[in-house]
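Hi there,

Here is the structure I promised to pass on to you.

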Amino acid sequence: MTDQQVRHTVEQVPSRARDAPSGAPGPGREEAGPQTRIGGSASGRAAGARAAPADPEAARRRAGRRAARIAAGVAELEQRLADLVREGMAGQEQAGRAVWEETAARMVDAQAPGLAARVRELGEIPGCGPGWPARMLEEGALLHLLNRGWLGLAGLPQPLAATVRSRVGLPDTAAEGEAVRDRWLVLAQYDSVSPDGRLTTRRTWLRGTESGRPALVLDFGPPGRPPRLALPVGRVVEAEARFRPGTAGLRADLAEGYGAGAPCRQVPEGVGTGPALDAYGAALREDPWLESWPVVLGPVVPVPGERGWQLADAEGGGALPVASGGGRPQAGLWQLAALSGGGPVTVFGECGHRGFTPLTAWEPGCPEPVALTG
Amino acid sequence: MTATAGEERSGEACGDWGELVGAALLGTGRRRGSGGGPRELLDAAAVHTLRRRAGLRPAEAAPRPRPAPADPRPEPPEPARRRLARLLAGRAEAGAGSGRRGASPDLAELLPQWLAAAGRHGYRAPAVLLPALLDAARARSDLRPQALALAGPRGMWLAGLNPDWRFALRAGAGGGLPDPEDTAAVRQLWQEGLFAERAGLLGAVRARDPAAAVRLLSSTWATERAEDRLMFLDSLRVGLSAGDEPFLEAALDDRSRNVRATAAELLSALPESALARRMARRALACVGPDGVAPPAGCDAGMLRDGVAERPPAGRGERSWWLGQLVEAAPLSCWRDRFGGLDAAAVVALPMPGGESWAEELHAAWCRAAVRQRDPEWAAALLGSPAAPTATAPGTASLAERARLLSVLPEGERAGWVARFIGAHGLSEAFQLLGACVVPWAGPLGRAVVDALDAAREAGGYPWSFSGVMGLAERCLDPAEAGRLEALTAAAQPEADAGGAAGAGAYWAEAFQRLTATLRLRAAMLAELAPEPAV
């Protein structure tokens, strides 16, 4: 239990930043050029394609320089992790996170924002209460795995290599992802702000009504300007989604011109708690750094509890713990309980190793979704 | 899906997870022999972590909550649901009041109206808004009865799950009270319940069947504590009728003085009761066409009928007794005593030989008119709305006059206050307006708007009338919005004209807010109208 609480507090804010675009603002950033996706993913991508470098040779040299920088950063980070385990993590509680902040800044300098975000999180863990050593070893080991992936990139199969590149924070190369045309149901949309308050990330979860395929569309906005992409929960839009390589095939960009869409006429079909965890486990094979997997869960009964909430299968004895902030249940959970009245509901959310984070709920037989407040 | 899952699993190649964590805590550099270097440890930990995450299984479900009882009432229409969500969200922001108010409506004031209107339509609260509704009711006890009624059984069910909302269970609101028809359950709760439960039960039974409540109360009356007897007796005010007389008459001999006094007061509100007749006899002996002769003493009979013997400091005992006798005597007894004169004529009579008693007499008549809810006497004691307050026949106190007004029929009440405002303006109207029915009747609303405009022309400032303004936002008929808009326009130019830009702009802003609030109220009420059946 405590284990989970610790994990969550760490996860809450910073992990969102991992999905930040490769050119996310930060110290030492040099390439905020065409690859940057701030202010509209689809258009940004198109612009990037158009503004393809005139001099391929120069571009190649630039890419080479950047790869070298990242490699140097990765080597330095590996050393830090090895030192941590060799000297022992016991002193970390006292050491404070300043040292890790410094390492994170070095990763930003090395143009590896994905590594920087993970390092920053790692530094937060010892301050998060009991159970931190296991949690720190888990995250440190996954960071080590990412480093090793980068160093052995040439030997990795294509999709995994793309996943490693995007997790490290390298903008994807010209490689075109798969294009899927479908009627996409908007399952959830929410914003989160980076720890430094300099970037708002808007996540929109979609599911193809025909393909059944999940998709995550990210949009970004600087302070004072909310992200532009606004798709109301419960709408179905017909559009082409271009999936980016790697990251378990979740990240997608919607081609423009999809219109306002129509309201969904039925409650999306849900799965039980077992298949939900299976789906997350399967996705980990493609992206071992995945925190969670989008799942429509149902029918489930929300079970409030003083030591944490659960979503329990309406039939059978299985349940998923709700990922809670470790403190008081959030308003959204009480909304979920009110909606259920102790009966079964369908819930969309993110299912991961910290538990299930409910985002949207449906009452039985009522296709109108209820977006739960965070 | 439990934290133990990872610890239980021991991999063939990567050793026990607990050992790995131990080694990482201690440091591979300090451990001799066993295991490899830091890189090997990190490799093993990575494999372990991924295995754990990929192999997660569902946890065992905790006992589920009992399902909420069904609520057959319909939900409000969609626009009304959205409105309630906004009102509840606006509540949090409204708290921070900072000096002068702007031109936007005060959402916190609209919430009670929304709740009342939704209650009249017989809606239930949308489930997803229950948490916000319970939070609102927790913060504002004035909202509780309506908010909890709207929340209904699902709201009570939810409140049972969250300690923050325990107040809702305490407040009762039907939660846990047996059906008043279920005699056995009623009797059991009455005999075994806590005081609050019993008081709630008595109220519920009284509302359904007044006589049954008296029977219930009689069944345990002799064994109740004095303070409980007083509270239970007080709850009989609701639904009071001649049928209660035997019980109340018996209570005149109660051990507790407060219980006796309350029983007497209730009996005096029943003009046909034996107590009322006894009081009439005593009062008629003191007051007549010849003048006022207060009682010379307080005898045992008077004491039994609830007359308090000792006056408060600074009052003569004879006028104190006189007041109590007249107050408890049925007003109908005075017509014959004064040779067939009606209430207005009796009130207008000079009281020969008793100038000093006259004031006491009129004050007692005022109390009697309110207690016996006698509109003829109330109107007579209020007098003409145009006359100066100081010369009012009954009382000069605005609070007393507001009480008298509440006895008048609604239309008459609004008309009286409208004429009062026409004659005296708004500065003394606040309490009187509070006695009027919402929304204000046409003539009353027009009088208020006219008076506000007159105040503006006279060079006043709107905040001098903030009390009336606040009332107007809640009580003006939305139909007045059109006229107000014209006044807003009238107020504006003055602001641009002179160097004294002050008052005009403030009035324009105040009128704008009033108009906006009225329009919002109109929209709010329209949204609540049931959707036509498809």
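**Two helices packing in chain B**

Helix 21 (residues 375-382) of chain B packs against helix 22 (residues 398-405) of chain B at an angle of about 150°, and their axes are 9 Å apart. Please keep in mind that this is a predicted model. The crossing of helix 21 of chain B and helix 22 of chain B is left-handed. Which residues make the contact? From helix 21 of chain B come B:A378, B:L381 and B:L382, and from helix 22 of chain B come B:R401, B:L404 and B:L405. Sorted by type, the residues of this contact between helix 21 and helix 22 of chain B are five nonpolar, one charged and no polar.

**A bent helix in chain B**

Where does helix 7 of chain B have its kink? The kink, of about 100°, lies at B:G152, shortly before the proline B:P153. B:G152 is also among the buried residues of helix 7 of chain B, which include B:A151, B:G155, B:M156 and B:W157.

**Chain A as a whole**

For chain A, the secondary structure comes to 11 helices and 12 strands. Of the 374 residues in chain A, 55% are buried. Among the contacts in chain A with a separation of 6 or more, 65% are between residues 24 or more positions apart.

Enjoy exploring!

Best wishes

Key:
Residues numbered from 1 in each chain as written. Chains lettered and ligands numbered in written order. Predicted model: local features only at pLDDT ≥ 70, side-chain atom pairs only at ≥ 80, totals over all residues. Heavy atoms only, no water. Axes fitted to C-alpha atoms, helices over the stretch in contact; angles between N-to-C directions. Helix = DSSP H or I, 4+ residues; strand = E, 2+ residues; numbered from the N terminus. Left-handed = near helix turned anticlockwise from the far one by under 90°. Contact = heavy atoms within 4.5 Å. Nonpolar A, V, L, I, M, F, W, Y, C, P; charged D, E, K, R; others polar. Bend = angle between axes of the 7 residues up to and from the residue. Buried < 20%, exposed > 50% of the residue type's maximum accessible area, 1.4 Å probe, protein only.
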